[in-house]
Amino acid sequence: MVGKCDLVSVLGAILVLTIFHNPIIVVYAGEGVPEVALFTFGDSYYDAGNKVFLSTNKNPPQTKWPFGKSRDDPNGKFSDGHIVPDFIGDFMSIPNGIPPALKPGVDLSRGASFAVADASILGAPAESMTLNQQVNRFRSMKSTWTDDYIEKSLFMIYIGTEDYLNFTKNNPTADASAQQAFVVSVTNRLKNDIGLLYSLGASKFMVQMLAPLGCLPISRQEYKTGNECYEPLNNLAKQHNEKIGPILNEFAKKPNSGFQFTVFDFYNAIIRRTQRHLNYRFYVANSSCCGVGTHNAYGCGMGNVHSKLCEYQRAYLFFDGRHNTEKAQEEIAHLIYGADPNVIQPMTVRELIVYPAGVNMLEFWEPNKKNSIRRRRPASVFNFGLSAY
Ligand SMILES: *[C@@H]1O[C@H](CO)[C@@H](O)[C@H](O)[C@H]1NC(C)=O
Ligand SMILES: *[C@@H]1O[C@H](CO)[C@@H](O)[C@H](O)[C@H]1NC(C)=O
């Protein structure tokens, strides 16, 4: 029989041996995570300050108070403080987070943000970049990092909001087949761009599904839905999201591809916080903290707008009309890094980072993972089949 103390010392010895045999492992806050880089692509959600370098306005709202309010630091990010990639960077023990790739002279040793506000997958966004242009920017800077380092590093992607908001605005009467056709053209292009990143050596991807776009305060305000979400936009997001997992499975199932990924179900994380906001300690989930209009959704931080600012931003799910508060972004980052298959599958980002590079995954994305997980939980009066995540 092995006693508890013996077991502990055996485990300790294994840990020590592992550390000495694998010099790239650093132990931080009790966790062994390899010291790799973080690269982000997409729109304002992941923009670490790139937009400023493409704007004619050199002091856009996101560089001014009340953006950055929670940290006294308006720095071009669309939040009252940190954004999701900042928290993920913290968990990966990247000092000071990753810099905007477009900013001259920054330290790129632990990665960079290529994401820029107003980015889209299709079209030609003004004073911004498409995902394809971001990937090409990465290509032009690629020699900064070794191939081995790129292969081990994490690539996070969040994009598509701009495409669907634009489509809905320009085609208010689009029927189901026109919507489907648009979703197919967006997701085909997304697949292409991910394939391009992969061909440049990236192999670990975290793709964040789209939020329920019709529940954003800006959508409720523009489509005058009051306390309801605007369903046509939610439907587009759902159709888009359904295609993500299968696209990535296809890459990952190719023999010897070494393509690894995980998908974060942002859609349902936001739906749960919208429908049962008090359970998640958000007092307000249907309008923003900062802005003007029926849902305070417009003009936060704009010089000529007398925007309202809520008293306590951490009680809000949304800071401005489109973006979550730092409080919500911190929660989301925790879900991405360490939650269960209810919200991120086939693995968490922490697991993705430590997964040996270059090998194929053994598990893939499944459309109804959530339900299969719920079925295994014992029924009880406290379990109404609702996820706590
Ligand atoms: C928005 O839609 C218009 C009309 O379809 C298109 O010309 C434009 O490129 C789109 N913009 C973006 C950013 O997708
Ligand atoms: C937001 O929800 C609250 C209830 O939580 C409701 O009283 C309020 O009218 C809603 N706001 C809007 C703009 O619909």
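This briefing describes the protein chain and the surroundings of its two ligands.

The model is predicted: local features need pLDDT of at least 70, side-chain atom pairs count only at pLDDT 80 or more, and totals for chains, interfaces and linings use all residues. Residues are numbered from 1 along each chain as its sequence is written, chains are lettered from A and ligands numbered from 1 in the order in which they are written, and side-chain values use heavy atoms, with hydrogens and water left out.

**Protein chain**
- The chain contains twelve helices and ten strands, taken as DSSP runs (helices H or I, at least four residues; strands E, at least two).
- Of its 389 residues, 54% are buried (under 20% relative accessible area, 1.4 Å probe, protein chains only).
- The accessible surface is about 17700 Å², and carbon and sulfur atoms contribute 55% of it (Shrake-Rupley method, 1.4 Å probe).

**Ligand 1**
- Ser 120, Leu 122, Gly 123, Ala 124, Pro 125, Asn 166 and Asn 170 surround ligand 1, each with a heavy atom within 4 Å of the ligand.
- Taken alone, ligand 1 exposes 370 Å², of which the protein buries 52%.
- A side-chain N or O atom of Asn 166 is 2.4 Å from an oxygen atom of ligand 1; for Asn 170, such a distance is 2.9 Å.

**Ligand 2**
- Gly 226, Asn 227, His 277, Asn 286, Thr 294 and His 295 are the residues around ligand 2.
- The protein covers 45% of the 360 Å² of accessible area that ligand 2 has on its own.
- A polar side-chain atom of Asn 286 lies 2.3 Å from an oxygen atom of ligand 2, and a polar backbone atom of Asn 227 is 3.5 Å from an oxygen atom of ligand 2.

Conventions. Buried means under 20% relative accessible area, exposed over 50%, partly exposed in between (1.4 Å probe, protein chains only). A polar contact is a pair of N or O atoms within 3.5 Å; within protein, one must be able to donate a hydrogen and the other to accept it, and residues adjacent in sequence count only if both atoms are side-chain atoms.
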